[in-house]
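Biologist: Could you take me through the pockets of this model, and then through one of its helix pairs?

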Amino acid sequence: MKQKKQQKAEQFYKKSIWPSIVLFLIFLGSCTVMPLTFANIFKEYLLDSQMAGISEDAEKLGQLFLPRIEEGDFSEAFSFLKMYLGEENDICATDADGRILWQFRETPPDFSRRERVRLIDEYEFMPDKDETGKKAQSALTMPPWQFLLRCIETLPKKYDKGRQWLKNTIFHEYYWVEIPVQDESYRLYYRDDVLLAQKHVYFLTVGVVMEAAFLTIPIILLLFNVLSSIAMQKKMVNLLYLDNDTGGKNWAHFQQRSKKILCQHRNLGITYAVVNLHMERYQDYCACYGSGEGEELLKKIYGYLNVNMESGETFARFANADFGILMRPDAGGQCENRLKKILAELTGIQKERALSFLAGIYMIEPQEEKKMHEAHRRRMLDIDQAYHFASAARRTIQDEKGRHVQVYDQQILDEQLWKMKVEERMEEALLNQEFQLYLQPKYNPADGKMAGAEALVRWVSPSEGMIAPYRFIPVFEENGFITRLDDYMVSAVAKLQSSWKIQGKKQVPVSVNISRANFTRADLAGHICHLVDSYGADHGMIELELTESAFFGDKQRLRKILGELKMHGFRISMDDFGAGYSSLNSLKDLPIDVLKLDMDFFRGSGSGKRGEIVVRETIRLAKNLDMKVVAEGIEHKEQVEFLKQQGCDMIQGYYYAKPMPVSEFEQMAEHDF
């Protein structure tokens with residue numbers, strides 16, 4: 001959803017600039033086209049006027065020539081026209097084939113070149129050569145913009161009081177025009193000029209100059225507005241892609257850039273890797289050195305990656321100290337070695353402070369054929385999903401020493417599929433009561449009799465059969481469903497205790513686990529009371545077990561909730577004591593009734609003399625604090641004898657019994673009691 005919003009925002013910013021650009025182009029086009037169109041129309045009007053005058057002159061000359069050709073010979077009539085026209089004009093005659101019969105000047109027109117001949121009304125006008133001997137460009141064919149430039153060039157460079165510049169010639173061209181005669185054995189031509197001076201186009205020139213002057217300011221302002229809009233759009237996009245902590249590109253940019261790289265046609269046949277680069281214990285680093293130092297560290301990591309990324313690769317920060325990288329493997333198709341080098345260099349990026357980094361890799365295989373449908377497949381690739389696959393691969397080595405890089409493989413995929421399957425089935429399983437209550441007895445080592453039990457959950461699935469807790473409890477703790485399961489188990493234990501009470505059976509205290517997630521509820525004590533009281537069970541026969549991690553949260557809230565539970569008669573047990581970083585302050589400050597020693601006390605290298613000392617002193621400490629002690633995970637007789645000597649109150653483990661269904665537990669309890 002966040003990605004879609006970012007894409008919509010970016011599209012909005014991109015679209016917002018187009019109206020300004022289009023408006024500017026339309027305005028600029030109208031400022032250019034309108035004067036050019038008007039200039040062209042005005043030019044045609046002026047030229048047509050003069051051409052019409054030339055046509056009239058040709059007809060008059062024909063009318064003067066015809067009576068004289070009828071009265072005398074051709075040479076006399078031709079001489080008359082020559083005298084009539086004078087020195088300013090020229091005249092010549094040709095036969096029907098174009099051969100010169102008479103001419104006024106030594107250089108007659110070249111009638112063989114007809115490419116510049118214009119047909120005006122019924123007369124052919126042919127432009128003469130200019131003063132340099134080259135054929136001049138006709139004003140009739142001159143484009144409007146060139147016509148305007150010629151008009152502006154004739155304007156005075158300085159103030160002219162007498163306005164002599166109005167007489168400046170813009171165009172002066174000579175054309176040969178045919179004089180109409182009735183005899184088809186010859187043709188008669190005379191030369192006349194087309195003259196356009198500045199005075200003919202004065203108002204046009206002044207209007208264009210004034211328009212240019214007046215429109216310069218709005219054009220500049222509109223251009224400035226467009227450039228400002230472009231700059232603003234670019235700034236907004238940069239802000240959209242800005243990561244505030246590193247000052248570099250953010251995850252939205254990584255998504256867009258990665259898609260662009262992967263979908264380029266030349267990259268379809270190349271293997272890529274999406275990498276999750278993770279710094280361990282970043283929160284602890286910030287807690288020790290401050291959030292400011294944490295941000296500086298992120299900037300250093302970003303700067304290092306920015307220098308070490310190659311062409312065709314990209315990266316960005318995802319969250320906290322997690323970075324996503326789109327990387328091209330080497331020629332061998334591997335990127336582990338390069339990542340190991342990066343991790344090693346990042347470890348020493350902060351002087352005098354050793355850092356630890358892990359990386360997960362998800363490989364994007366090349367497309368077999370570089371076709372459109374193959375590119376479409378890569379466009380459909382979910383970059384976020386690929387990154388989360390890489391993160392899943394990295395989490396598998398989170399607790400493994402000596403391993404820093406892991407590639408997403410089939411085993412991890414199977415775990416992901418299993419997690420999805422569990423999440424799809426958990427609600428239905430709870431509704432169908434597929435979670436069953438199992439009990440593991442606790443025995444008093446002094447007399448060997450049953451003294452209590454722990455409630456454990458087993459998932460009996462119609463399709464999967466018996467599912468061990470380690471396969472679904474971590475999933476529930478991650479997605480929060482564990483609180484629903486806790487309520488289910490508390491209710492099941494309360495129902496069982498109530499049934500024992502009604503049936504007159506011997507009741508034994510049963511402990512049930514309460515996950516850390518439940519302690520976010522301020523009304524947890526009242527909620528548990530409601531669950532238990534709905535079955536009429538005795539509070540004193542239910543023991544609430546809290547894992548050691550629950551004691552490292554909000555101590556004030558925890559003390560308040562535990563105090564309320566104690567006030568309602570529930571017993572409180574600290575489970576797995578010693579499994580993590582035990583806090584003796586928890587034993588001092590919190591109202592704990594039972595201390596459960598973790599099974600690791602009795603396994604491995606810690607089970608020797610040093611382990612015995614720790615267990616002995618822990619039991620003595622608990623006794624002095626008026627706590628009962630339960631040892632779990634006990635499997636051997638020697639362990640039982642040792643704990644018996646140390647005064648351990650209860651023992652739970654395979655030495656006595658495994659977890660069992662309620663019916664089997666009841667049979668064992670009847671035998672013991």
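Modeller: Gladly, and please keep in mind that this is a predicted model. I would begin with the second largest pocket, whose lining divides into six nonpolar, two polar and five charged residues.

Biologist: Which residues are the closest to the centre of the second largest pocket?

Modeller: About 470 Å³ of space lies in this pocket, and helix H10 (383-395), helix H11 (410-431) and H12 each supply at least two residues of its lining. Of the 13 residues that line the second largest pocket, the closest to its centre are Glu-415, Lys-419, Pro-474, Val-475 and Glu-478.

Biologist: How many charged residues are in the lining of the largest pocket?

Modeller: The largest pocket holds about 1,000 Å³ of space, and of the 36 residues that line it, the closest to its centre are Glu-454, Leu-456, Pro-469, Asn-513 and Asp-575. Strand E13 (449-461), helix H12 (469-479), H13, strand E15 (510-514) and strand E17 (571-577) each supply at least two lining residues. By class, the lining has 17 nonpolar residues, eight polar ones and, for the class you asked about, 11 charged.

Biologist: How are H13 and H14 oriented to each other, roughly parallel, roughly perpendicular or oblique?

Modeller: Asp-487, Val-490, Ser-491 and Ala-494 in H13 meet His-527, Ile-528, Leu-531 and Val-532 in H14, and the residues of this contact divide into five nonpolar, two polar and one charged. Helix H13 (residues 482-503) and helix H14 (residues 524-533) pack with their axes 8 Å apart, at an angle of about 40°. Angles under 35 degrees count as roughly parallel and 65 to 115 as roughly perpendicular, and H13 and H14 are therefore oblique.

Key: Residues numbered from 1 in each chain as written. Predicted model: local features only at pLDDT ≥ 70, side-chain atom pairs only at ≥ 80, totals over all residues. Heavy atoms only, no water. Axes fitted to C-alpha atoms, helices over the stretch in contact; angles between N-to-C directions. Helix = DSSP H or I, 4+ residues; strand = E, 2+ residues; numbered from the N terminus. Parallel < 35°, antiparallel > 145°, perpendicular 65-115°, else oblique. Contact = heavy atoms within 4.5 Å. Nonpolar A, V, L, I, M, F, W, Y, C, P; charged D, E, K, R; others polar. 1 Å grid on protein atoms, 1.4 Å probe; cavity = no way out; pocket = protein on both sides within 12 Å on 5 of 7 lines; lining within 4 Å. Points joined across faces, edges and corners; volume = space filled by probe spheres on them.
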